[in-house]
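Please walk me through this structure in the viewer, one selection at a time. I would like to know what to select next and what is there.

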Amino acid sequence: MANFILRKAEPRDVSDILRLIKELAKFEEMEDQVILTEKDLLEDGFGDHPFYHCIVAEVPKQHQSADGHVIVGFAMYYFTYDPWIGKLLYLEDFYVMKEYRGSGIGSEILKKLSETAVRTRCSSMHFIVVEWNKTAIDFYKRRGASDLSLEEGWRLFKIDKQNLLKMTSEERTG
Amino acid sequence: MKITIRPAKPEDCKDIERMIMELAVYEKMPDQVKISHKELERDGFGPNPFYQCLVAEVPEEHMSKDGQTKVGYALFFYTYSTWKGRTVYMEDLYVMPEYRGKGIGKALMATVAKVAKEKHCVRLQLSVLDWNKPSLDFYLAKGAEDLTAKEGWHFLRFHGIALDNLAQEAP
């Protein structure tokens, strides 16, 4: 199977990162929800205040994909904070192209992330998985992950821009 | 009663620690609190803060039964959605029981929303325990959507020994 290297993403990788983001969203059956652009990724990941960090998996040119790509996997993460235990590493996206699965790329990425977490004094690595994604859940549970939604009852909520704006007009108190 | 909502300062960390513990007791997990005001000071006020915090303060004449004037807090940080971009995650929102019903929670949250708007964040996320009906009602009234129910998202983690084991396998 193909050799690969893992490295920190660079500005020139944003086009590939966006391509892989859309592939993962398609798998999660939510492709139309991706509104992020290459320009956003560039500004938000490589500007003065990076909002995320990214690792990419690259294969040599002779092992490029059917449609000519050498960036075949990625993981996007950032640091969050738990008031009970301190710094955490949050894994936002983690994806390997279908034709490159089974050669250990996913495992290596996960190991590298956990090594980063330990090195930066994070107590824990957190992430979310959609409950029907049995393959992913098994992959993580085999490696010692616990499901906090099942074990402790945590539910994820979102509040969209429209409702956020509504709240800002309620700011005054007295 | 005049209530002030303001960014936290390093000297507020002892009060924030106190309120974090009060919230953990309410969430029935007080033994899970492992950090103190020292870590809060180090991690929230250096050149690279890992969180932002707002404090709700009342004047001295309205201090609590046990003499506190800092009566609520909101702790949040910036995250990133590969679909939408910049997001705010509100990790904790808490108001001491004797100060509820005065709009403090609403004001704290509105200030977080204002910060989110200023930083061009498109969404605010948070998590709630499934039995916590008062909080569920509070957020749903503000337009929150339960993504665990709607889309099936679950929180997972690698913690403690599980994380160390995984890291030790790294080449």
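**A tour by selection**

Start with Lys87(A) and Phe79(A): the lysine lies over the face of the Phe79(A) ring, 5.4 Å from the ring centre. Keep in mind throughout that this is a predicted model.

Next, turn to the aromatic rings. Over all chains, the whole structure contains 20 aromatic pairs. One of them is Tyr77(A) with Phe79(A), an edge-to-face pair with 6.1 Å centre to centre and 90 degrees between the planes. Tyr77(A) has 10% relative accessibility and therefore counts as buried. Then select Phe46(A), Phe51(A), Tyr52(A), Tyr78(B) and Tyr80(B), a cluster linked by ring pairs.

Now show the strands. Residues 71-82 of chain A are β3 and residues 86-96 of chain A are β4; the two run antiparallel and are joined by ten bridges. Within this pairing, Thr80(A) has Leu88(A) in β4(A) as its bridge partner.

Widen the view to the open sheet of seven strands, ordered β1(A)-β2(A)-β3(A)-β4(A)-β5(A)-β7(B)-β6(A), with mixed pairing. At its edges are β1 (5-8) and β6 (146-147) of chain A; each has a single partner strand, so one side of each lacks a neighbour in the sheet.

Finish in the largest nonpolar core, which has 118 residues, with Leu41(A), Tyr140(A) and Phe158(B) making the most contacts inside it. Select Tyr140(A): the residues it touches include Phe94(A), Phe127(A), Leu156(B) and Phe158(B).

Note on methods
Residues are numbered from 1 along each chain as its sequence is written. Chains are lettered from A and ligands numbered from 1 in the order in which they are written. This is a predicted model: local features need pLDDT of at least 70, side-chain atom pairs count only at pLDDT 80 or more; totals for chains, interfaces and linings use all residues. Side-chain values use heavy atoms; hydrogens and water are left out. Rings of Phe, Tyr and Trp (its six-membered ring) pair if their centres lie within 6.5 Å; planes under 30 degrees apart count as stacked, over 60 as edge-to-face and the rest as tilted. Buried means under 20% relative accessible area, exposed over 50%, partly exposed in between (1.4 Å probe, protein chains only). A charge sits over a ring if NZ of Lys or CZ of Arg is within 6 Å of the ring centre and within 35 degrees of the ring normal. A nonpolar core is a set of buried Ala, Val, Leu, Ile, Met, Phe, Trp, Tyr and Cys residues joined through side-chain atoms within 4.5 Å. Contact means heavy atoms within 4.5 Å. Two strands pair if DSSP finds at least two bridges between them. Helices (H or I, at least four residues) and strands (E, at least two) are DSSP runs, numbered from the N terminus. Lists of a residue's contacts leave out its neighbours within four places in sequence.
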